[in-house]
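Open the model in your viewer and keep the selection panel at hand.

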Amino acid sequence: MTRFVVDVSAVLHLVSEDVVVGEGHELLAPTLLRSQVLTALHEAVHRGELTADVARDRLARVGRLPIRLLGDAVLRRRAWDVADQLGWASTYDAEYVALTQLQADALVTVDPELARRVEGVIPTAGIDALR
């Protein structure tokens, strides 16, 4: 079984493109994913990129994805340390890095900036790795 941490960009891509995750893959994410997905979809509606109905449908589909959400004290401590080590003020992306370090084989993201920022720190993969 391959364990992947999925970030908000990957999750939104999964539901917008109807990507089917292959058998044998386990998806993990920090608990903050819920709020990030909600915000991203609401912002897309506010900018006029999605209708409210489409965004709410995608939100419901995200809720049905088999993603194990984690946010224990160990993850929070590691995220803090990762943010310090990488010189990041925010710990949001550091939670994805920390979770990958602690429990996964790679981080799946479609955010090229995030992939660049974590290069050499953790393995990353594209959406195709989930098929």
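Helices (H or I, at least four residues) and strands (E, at least two) are DSSP runs, numbered from the N terminus. This is a predicted model, in which local features need pLDDT of at least 70, side-chain atom pairs count only at pLDDT 80 or more, and totals for chains, interfaces and linings use all residues. Residues are numbered from 1 along each chain as its sequence is written, and side-chain values use heavy atoms, with hydrogens and water left out.

**Stop 1: T109.** Select T109, in the loop that runs between β4 (106-108) and α6 (112-117). Is T109 buried or exposed? Its relative accessibility is 8%, and buried means under 20% relative accessible area, exposed over 50%, partly exposed in between (1.4 Å probe, protein chains only); T109 therefore counts as buried. Now show contacts, meaning heavy atoms within 4.5 Å. Leaving out residues up to four places away in sequence, T109 touches D7, S9, A10, L114, A115, A125 and G126. Next, draw the distance from the T109 side chain to the backbone nitrogen of D111: 3.0 Å. A polar contact is a pair of N or O atoms within 3.5 Å; within protein, one must be able to donate a hydrogen and the other to accept it, and residues adjacent in sequence count only if both atoms are side-chain atoms.

**Stop 2: A40.** Select A40 in helix α2 (residues 33-46). With a relative accessible area of 23%, A40 is partly exposed.

**Stop 3: R117 and W88.** Which ring lies under the charged end of R117? The ring is that of W88, with its centre 4.1 Å from the charged end. A charge sits over a ring if NZ of Lys or CZ of Arg is within 6 Å of the ring centre and within 35 degrees of the ring normal.

**Stop 4: the whole chain.** Clear the selection and colour by secondary structure. The protein has six helices and five strands, in the sequence order β-α-β-α-α-β-α-α-β-α-β. The C-alpha atoms fill a box of roughly 40 × 35 × 25 Å along the principal axes. Of the 131 residues, 39% are buried. Among contacts between residues at least 6 apart in sequence, 63% join residues at least 24 apart.
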